[in-house]
Amino acid sequence: MKKLFKLILILSFFSLNFAQTFAAEKVEYLKTDWSFKGLFGKFDRAALQRGYQVYTEVCASCHSMKYLSYRNLSEEGGPEFSLAAAKAIAASFEVTDGPNADGEMFTRPGKLSDKFVMPYDNVKAAQAANGGAYPPDMSVLVKARGGGVDYIYSLLQGYEDPPSGVTLDDGVYYNKYMYGNKIRMAAPLSDGIVDYGDGTNASVEQMSKDVTTFLMWAAEPHLEARHQMGFKAIVYLIILTILVYFSMKKIWSRVESEV
Amino acid sequence: MSDHDYKPKSKVGQWFNDRLPLLTLANHLTDYPTPKNLNYWWTFGGILTFCLITQIITGLTLAMHYIAHADMAFESVEHIMRDVNYGWLIRYIHANGASMFFLAVYIHIFRSLFYGSYKSPREIIWILGIIIYLLMMAAAFMGYVLPWGQMSFWGATVITNLFSAIPLVGEGIVTWLWGGYSVDNPTLTRFFTLHYLIPFLILGLVVLHIWALHVPGNNNPVGIDIKKPSKDTVPFHPYIVIKDGFALLMFMIVFAFFVFYTPNILGHADNYIEANPMVTPAHIVPEWYLLPFYAILRSVPDKLLGVVAMLSAILILAALPWLDTSKIRSAVFRPLYKQFYWILVADVLILGYVGAMPAEGLYLLIARVATAYYFLHFLVILPVLGFKERTLPVPLSITEPILGGSPSLAAARHRESKIK
């Protein structure tokens, strides 16, 4: 048995070692308690709904979320808006459809099956409207950044006046968590910029946390199902491993050799 | 082996077996005499078979939903992650499965190095293994390109560009590999085709690998030839089957932990950004399992020589059975080799570490020293060691190490306990 532990230890050392190689970050990010971390981590439903509000009212004017559909908003493990509410959200957007029988494109209210409507028609249009910088699509943004949720959460709160000696061009802002500290996005959040329906105080910190939670769900819509299945799978494997261990001991007791 | 005297009990079985001896094969596989002192490092062969089958099954399922087109590949992967039933599970098993596969293969290779499993009469098994390992690297590299993220695109660009180092025809070869003048849709479709093909080549080679293994039988921690079958061996079934099964289950727990709780930790965040030929990532790094070779490549200032060094680092392994001049297989009885073995392990880990770091300053210096040592180990230390080293007395059999001419009973027992 001792050898087994050694084996496990070495295996975990390998994995940790490589993980750390990549996880090494120079900047210390702001920390907060994410409800979706850990073995049983789940999304905070209210935070997801508030986060969606911040996304639509603030981020969505520049940032697309092209891999999400309106139906996702009512699906299990997400913000879990009621079906009626999700339908209403979808209907509040104008979707270009067609061509119709006359060969013309037309607009209609959005349906649950529609993908999130994009703020710009294409990347060029987005760049033209934002001084040459493309506001990245937010569907998988938290997975596409080294620090993940902590990075996004910190970035949203990382705006400050540039230290002396740093000159910024027009339309460039100073952010202490941004790679190279220069960012083309103006501070998107300010206290009270959205009006939360549930009475939560819309501080920059609160909104950062809510919208980051929402972005995490957008990038990993099946995170809750994954955690639940993972726990069951690992418990099952551990029980099976124990049973197989004793079967093995029993079988090997027939020969004069240790296993 | 007692295959030839096997006769199926039933008439139908005999009739069938006379025409296609599948039952003889099954009997051979269950009865296959295996050294009874194999430790858990020997269970990784079975684990690797599991990894290969898992990759093939999950890969086939992914291929049903994936679209190999530069404009749609990234989106189709997101489609798998979001809309395909349990698509996220299948993709995460496949992506992490590659890492698990390499983790297992490195343990398997280093086990072979420690116990001298590559030595006569097992050279062919070893060389087949090296070919499998090379094909694994090719499959893994091309698989990493398929999601068409930033690291996919730029990794493909860097690696295919290595061929341009070949004098005269290099540039032409690169254009031919790309199917155009840059990494683009033709590159993606051919990588997908090859990524689909290679696992089946590996499967065929694995059959040969196991076939070649079953001729001399397994090496063992003591590294001596044993009589088969004898009291030194146990039949493969049930003894080794259950032991491999137990080890596999423990491996699966580690595997499951990655898949369900940290599925993206072994990948690179940049690969969740869609490929963009106009934007180069700050650091282009390969997957962790290729890092030691990446470090060797970058440690040589000349491009062509760098590529040669990287390829030699792998191909030199194929010559190992002849570079190692020692007649003794197991490092247990080779006190000096054992120390050099652990230095080599450390050397490869260091190479992996510096491979992930920028190639400059101290990192570059360390990479150069570690690269030089890597070749020194195989080209100088191993051949010389076989002549100079004073090995310990080797027992005559597994069951009776004490009678094996060992001068001291206590020393023999101590060694035996260590082997176990």
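How many residue pairs are in polar contact across the interface of chain B and chain A? I started my notes with that question, and I kept in mind that this is a predicted model.

**Entry 1: the interface**

I looked up the polar contacts first. The rule finds 12 residue pairs in polar contact across the interface of chain B and chain A, with both residues at pLDDT 80 or more. I then asked which elements of chain B supply the side that touches chain A. I found that α4 (73-82), α5 (87-115), α10 (236-261) and α14 (335-356) of chain B each give at least two residues to that side. The largest share comes from α10(B), with 18 residues. I sorted the touching side of chain B by class and noted 41 nonpolar, 2 polar and 9 charged residues.

For the extent of the contact, I wrote down 52 residues from chain B and 54 residues from chain A. The area buried between the two chains is about 5100 Å², and carbon and sulfur atoms give 76% of that area.

**Entry 2: salt bridges**

I counted 2 salt bridges between chain B and chain A. I looked at one of them, where the side chain of Glu274(B) meets that of Lys66(A) at 3.8 Å, N to O.

Over all chains the rule gives 19 salt bridges. Among them I picked the pair Arg45(A) and Glu224(A), whose side chains meet at 3.1 Å, N to O. Where do these two residues sit? I placed Arg45(A) in helix α2 (residues 45-57) of chain A and Glu224(A) in helix α7 of chain A. The pair links distant parts of the chain, as the two residues are 179 residues apart.

**Entry 3: a nonpolar surface patch**

I went back to helix α7 of chain A, which spans residues 223-252. This helix gives the most to a nonpolar surface patch, with 4 residues. The patch covers about 650 Å². I listed its members as Leu39(A), Phe40(A), Phe231(A), Val235(A), Ile239(A), Leu243(A) and, from chain B, Phe257(B). I checked the place of Val235(A) and found this residue in helix α7 of chain A.

**Entry 4: backbone details**

Which peptide bonds did I note as cis? In chain A, a cis peptide bond joins Gly98(A) and Pro99(A), with omega about 0 degrees. I located Pro99(A) in the loop between β1 (94-97) and β2 (106-109) of chain A. In chain B, the peptide bond from His237(B) to Pro238(B) is cis, with omega near 5 degrees. Pro238(B) lies in helix α10 of chain B, the helix that supplies the largest share of the side touching chain A.

My last item was Trp148(B), which has a positive phi of about 55 degrees although this residue is not a glycine. I found Trp148(B) in the loop between α6 (123-145) and α7 (150-161) of chain B.

Methods. Residues numbered from 1 in each chain as written. Chains lettered and ligands numbered in written order. Predicted model: local features only at pLDDT ≥ 70, side-chain atom pairs only at ≥ 80, totals over all residues. Heavy atoms only, no water. Contact = heavy atoms within 4.5 Å. Buried area = accessible area lost by both parts, 1.4 Å probe. Salt bridge = Lys/Arg side-chain N within 4 Å of Asp/Glu carboxyl O. Polar contact = N/O pair within 3.5 Å; in protein donor to acceptor, adjacent residues only side chain to side chain. Nonpolar A, V, L, I, M, F, W, Y, C, P; charged D, E, K, R; others polar. Patch = residues over 30% accessible without salt bridge, like charges linked within 9 Å, V, L, I, M, F, W, Y side chains within 5 Å. Areas by Shrake-Rupley, 256 points an atom, 1.4 Å probe, with all protein chains shown as cover.
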